[in-house]
Structures are given as structure tokens and as C-alpha cells.
Amino acid sequence: MATIKDIAERAKVSVATVSYVLNDTRFVSAEKRKRVLDAIQELKYVPNAVARGLRIRESKTICLVLSDITNPFYPDLARACEEVARSKGFILNMINTNDQPGALKEAARQLREGRADGMIVTTALEFDREVLQSLAKQGYPIVMAHRKLDELPIDSIVSDNEGGGYLATKHLIGLGHKRIAFVTGVNGSSVNISRMAGYRRAMAEANLGVLQEWIVPGEAKYDPSYDAAGALLRLPEKLRPTAIINLSDLGALSAIDAVLDANLQVPEDVAVMGFDDLFFASTRNVQLSTIRIPRYELGKHAVERLFERMNKSSRLSKMDTVLPVELVVRKTCGAYLKSTN
């Protein structure tokens, strides 16, 4: 069985450098880190914690990494994770990263120190790639849920985000809208990229152009999305969109407020579409048209997949699962007005 010393010799670095890479305790240059990770893979190194069975349920804990604990998208997903974990005798430990670079290292440390047996990551952004790649090469059980990073040997459970973007845009086009704006979410996230791709596909199929001014950042949060909607509404009348899609229901709620604050009406002047189908979307005073994302199912499938990895990770090839989404038509897009005319 390979040792840290063997890795150091193969990578032509010190034993201390190998330790720093394995434990993420100090900065190591990208070039040296790559040599160490390549040596780990070539020598099929297994950390001592794994070799002596430290991760075979001794902690009875799994780690759930959330991007923003205040975002109402996550409670249903987290509830599913907790319920499935508890049914198997495990505790769920949650870590909030606020989508900050380096924050994922704390969760990685829990795995490496044997304080967690596996990890579900909902935060995956490009700056997390190196940490996730390192953990995957070392054989730690990980599942990406909601967001994913391509070209990583890690399972993913996501919703059909591109299909959702397509459905939302197609619905608005069917109601006669041609100037449709898209308020984006977290920059660089797979969710953001996929939903926008669906939007662009629907617009292209309808031979509708997309102005640069119609793509504005909203971060899937209330205040930035309110500002984004306000900027859209201040465009010259011939350029002003007649419909706004926001990457989240929370952002869509702020768009409704921005329209009303501009002395306009939803949906008569501006239609609004969201994503997620959060609890407030169906309330009497909101009635938001949206794309329903199966949040509970995302969490449930992610934990079930993680336990499969924890039980027989070496015998499973990478698996990617895409869950279906659903268009939910309410009042903010005007479909009910069209149907009664």
C-alpha cells in the first residue's frame, strides 16, 4: 500500500507538502498540487483514515453544504436530507458557505478528520473545483445536488434547469410576449447557465432576438433583483420588456414590487415569471407563475445516492440524474386574462 512518503518521492516534493495537499492546511502552488494529486492517483493512495475504516459509519454523520442558509429554496432540500439520514441512523450536519471562495474547505476537513462519512454539496462553483477534485481522487463519498460541475468524477442530482428555462420562456411567447428579459442568479452556477440556455433556445426557436440590456444580474436575492427589474423598467418604451423571468421566486417577488413601484401593473403592463414554486408563490396576493423545482426530491435522491457511495463506492461508475420540472401557471403572466377574453 502506498504511503505519503511514496507520493512525495513520485511528485518530487516534501512529505510536508503532500500533507498540506491532503489536509488543505497550507497554500501549495498549483503546479506542485497537480503533481501530488497525479501521484495519488497513479499510486492509488488511500488515506489512513479510510484504510483503518474510520469512515465506515464511525461518525454516523453526513455533511450538507448549503450556499445560503437564508434562501427559502433550501429548507425542503435539507429536510429531505435530514429525514433520509435519520432513517438510516445518521445525523445531518449543515455548513453554510455563502458562496464564498475557500468556505468548502471546512466541509472537506470534516471528511478528512473522520467527523463525517460523506458529503452532499449544493454549492458547487468553479472555485470549488480543486477541493472537490482532490476529495474525489482520494475516494471520499460525495454527491453534488442542485448545482454541479462538469468533468468531475462525482455523482450529481439536478433538476432539468434548461428545460425549465425553455418552458418559462415558451409560455410567455405563447401569450404574445416578444420582449422578454432574464434576471440571472449566482454568476457561474450550473443552474444559472442551464436556465439561461433554455431561455435563449426558446427565443431563438421563435426567431426573437435577445438584447444585451435584457440580461441583468439578480443573484437570486430580493434587493439585487429589485434593482435589476427597476433598470429594465427604465429602458426606453420600445426596448422595455413586457415580461421578466427571474431565476428565483424570491427575485420574481421583488420584480412584482418594482413593477408596482413604477406605477405599472402585473400582468397587464409587465408579466413576471419565477423559478422554484416556493411557499409564498401560491398565496392569494402573489399568485406567481413559476417553474416548480422538486426540492425535496433533490435532497432525497442525493442522500440515497450518497449512501450507495458510502457502501460500495469503488464498484459504481459516475451517475448523473436529472429530475423533471413543471410549469405552474398562476396570475402574474396573464394567462388567466387571455383565457377570459
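Q: How do the axes of helix α1 (residues 4–11) and α3 lie relative to each other?
A: In this predicted model, the two axes come within 9 Å and cross at roughly 120°.

Q: Which residues make the contact?
A: Helix α1 brings Asp 6, Ile 7, Arg 10 and Ala 11, while α3 brings Arg 35, Val 36, Ala 39, Ile 40, Glu 42 and Leu 43.

Q: What makes up the contact of α1 with α3 by class?
A: There are six nonpolar and four charged residues, and no polar ones.

Q: Why is Leu 232 called buried?
A: The word applies under 20% relative accessible area. Leu 232 has a value of 0%, so it is buried. This residue lies in helix α10 (residues 222–233).

Q: What separates the C-alpha atoms of Leu 232 and Ala 262?
A: The separation is 11 Å, for two residues 30 places apart along the chain.

Q: What makes strand β5 (residues 155–159) count as mostly covered?
A: Five of its five residues are buried. Asp 155, Ile 157 and Ser 159 point one way, Ser 156 and Val 158 point the other way, and all are buried.

Q: How do you know that β5 pairs with β4 and with strand β11 (residues 320–323)?
A: Pairing needs at least two bridges. Three bridges join β4 to β5, and four join β5 to β11, so both pairs pass that cut-off. The strands run parallel in the β4 pair and in the β11 pair. Met 144 stands opposite Ser 156 in β5, and Ile 157 stands opposite Thr 321 in β11.

Q: Which residues of helix α7 (residues 129–137) are buried, and what covers them?
A: The buried ones are Val 131, Leu 132, Ser 134, Leu 135 and Ala 136. Their cover includes α2, α3, α6, β3 and β4. Just after α7, Gly 139 takes a positive phi of about 85°.

Methods
Residues are numbered from 1 along each chain as its sequence is written. This is a predicted model: local features need pLDDT of at least 70, side-chain atom pairs count only at pLDDT 80 or more; totals for chains, interfaces and linings use all residues. Side-chain values use heavy atoms; hydrogens and water are left out. Buried means under 20% relative accessible area, exposed over 50%, partly exposed in between (1.4 Å probe, protein chains only). Helices (H or I, at least four residues) and strands (E, at least two) are DSSP runs, numbered from the N terminus. Contact means heavy atoms within 4.5 Å. Axes are lines fitted to C-alpha atoms, for helices over the stretch in contact, and angles run from 0 to 180 degrees between N-to-C directions. Ala, Val, Leu, Ile, Met, Phe, Trp, Tyr, Cys and Pro count as nonpolar, Asp, Glu, Lys and Arg as charged, and the others, Gly among them, as polar.
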